Amino acid sequence: MNIDKSQLLLYAVTDRAWLGGHTLAEQVSDAIDGGATIVQLREKSMPRDELVAEAREIRALCHSRGIPFIINDDAELARLVGADGVHVGLDDLDIAAAREIIGEKGIIGASAHSVEEARAAERAGADYLGVGAVFGSSTKTNARPLALETLRDITAAVSIPVVAIGGVTRSNLPRLADSGIAGAALVSAIFAAADIKAECQALRKILEGIVK
């Protein structure tokens, strides 16, 4: 396993929808200042040259603060810009192919929605799992809520860390107590906040109280 469980506590997943006059790097910096422990760059429609430049900027920022930097879906981009790893969904590049691209020391996260998918991802070599959508999702309209019982079953079924994702906010985060998660991944709860640093500080405090 190429990532420590503690590095997954507060997982910030970027979204440019709420820049509000700021740069993404400024927002990511605020998130890290507030206690984010890992950052994933998720861009779906940016031109390639702009995406490469942005990824390099965010990678440098994360590495200067000593936290892992993950690219969503694109293992080739992760290798190109020197990211620490890649997160792949069920419909994206398979884990074995991602491993060939980023190497044995790269971090691979994989999405899972059931015990069967979780076990398969672990067998394939995933370093951690993103499991959800635990409370639905504001960024993926087709995401169905995942029962908390299923989340607990997944964390009990695998030995790699599990991160809860999907509609997680400060108000519902305490409901994930005793679920076995290593942390939670948040998108709008962080990047749509009026004060990203303060929001991350509050989120991290809650997570530190519920993650064993």
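Which backbone oxygen lies 2.9 Å from a polar atom of the side chain of Asn 172? The backbone oxygen of Gly 167 does. The points below start from this residue.

1. Basis. This is a predicted model, in which local features need pLDDT of at least 70, side-chain atom pairs count only at pLDDT 80 or more, and totals for chains, interfaces and linings use all residues. Residues are numbered from 1 along each chain as its sequence is written, and side-chain values use heavy atoms, with hydrogens and water left out.

2. Asn 172. This residue sits in the loop between strand S7 (162-165) and S8; helices (H or I, at least four residues) and strands (E, at least two) are DSSP runs numbered from the N terminus. Asn 172 is buried, at a relative accessible area of 11%. Buried means under 20% relative accessible area, exposed over 50%, and partly exposed in between (1.4 Å probe, protein chains only). Not counting residues up to four places away in sequence, Asn 172 touches Phe 135 and Gly 167, where contact means heavy atoms within 4.5 Å.

3. Helix H8. The 15 residues of H8 (residues 196-210) should span 21 Å at 1.5 Å a residue, and the end C-alpha atoms are 21 Å apart, which agrees. The expected span is 1.5 Å times one less than the number of residues. Buried in H8 are Ile 196, Glu 199, Cys 200, Leu 203, Leu 207 and Ile 210. Seen down the helix axis, these buried residues fall within an arc of 95°, so they line one face of H8; the arc is that of the directions from the helix axis to the C-beta atoms. An α-helix has 3.6 residues a turn, so residues three or four places apart point the same way. Exposed Lys 205 and Gly 209 are on the face of H8 turned away from its buried side. The buried residues pack against strand S1 (10-13), helix H1 (24-34), strand S8 (183-186) and helix H7 (188-191).

4. Helix H1. Eight of the eleven residues of H1 are buried, so the helix is mostly covered. Among them are Leu 24, Val 28 and Ile 32. The buried residues of H1 pack against strand S2 (38-41), H2, H7 and H8. Gly 35 follows H1 and has a positive phi, near 120°.

5. Aromatic pair. The structure holds one aromatic pair. Tyr 11 and Tyr 128 form this pair, which is tilted, at 5.9 Å centre to centre and 55° between the planes. Rings of Phe, Tyr and Trp (its six-membered ring) pair if their centres lie within 6.5 Å; planes under 30 degrees apart count as stacked, over 60 as edge-to-face and the rest as tilted. Tyr 11 lies in S1 and Tyr 128 in strand S6 (residues 128-131), so the pair ties together parts that are 117 residues apart in sequence. Tyr 11 is buried at 2% relative accessible area, and Tyr 128 is buried at 0%.

6. Nonpolar cores. A nonpolar core is a set of buried Ala, Val, Leu, Ile, Met, Phe, Trp, Tyr and Cys residues joined through side-chain atoms within 4.5 Å. In the largest, of 68 residues, Val 39, Phe 69, Leu 129, Leu 151, Leu 176 and Ile 190 touch the most other members. Helix H2 (residues 48-64) gives the most to this core, with six residues. A second, separate core of twelve residues includes Leu 8, Val 13, Ile 70 and Val 163.

Notes
A polar contact is a pair of N or O atoms within 3.5 Å; within protein, one must be able to donate a hydrogen and the other to accept it, and residues adjacent in sequence count only if both atoms are side-chain atoms.
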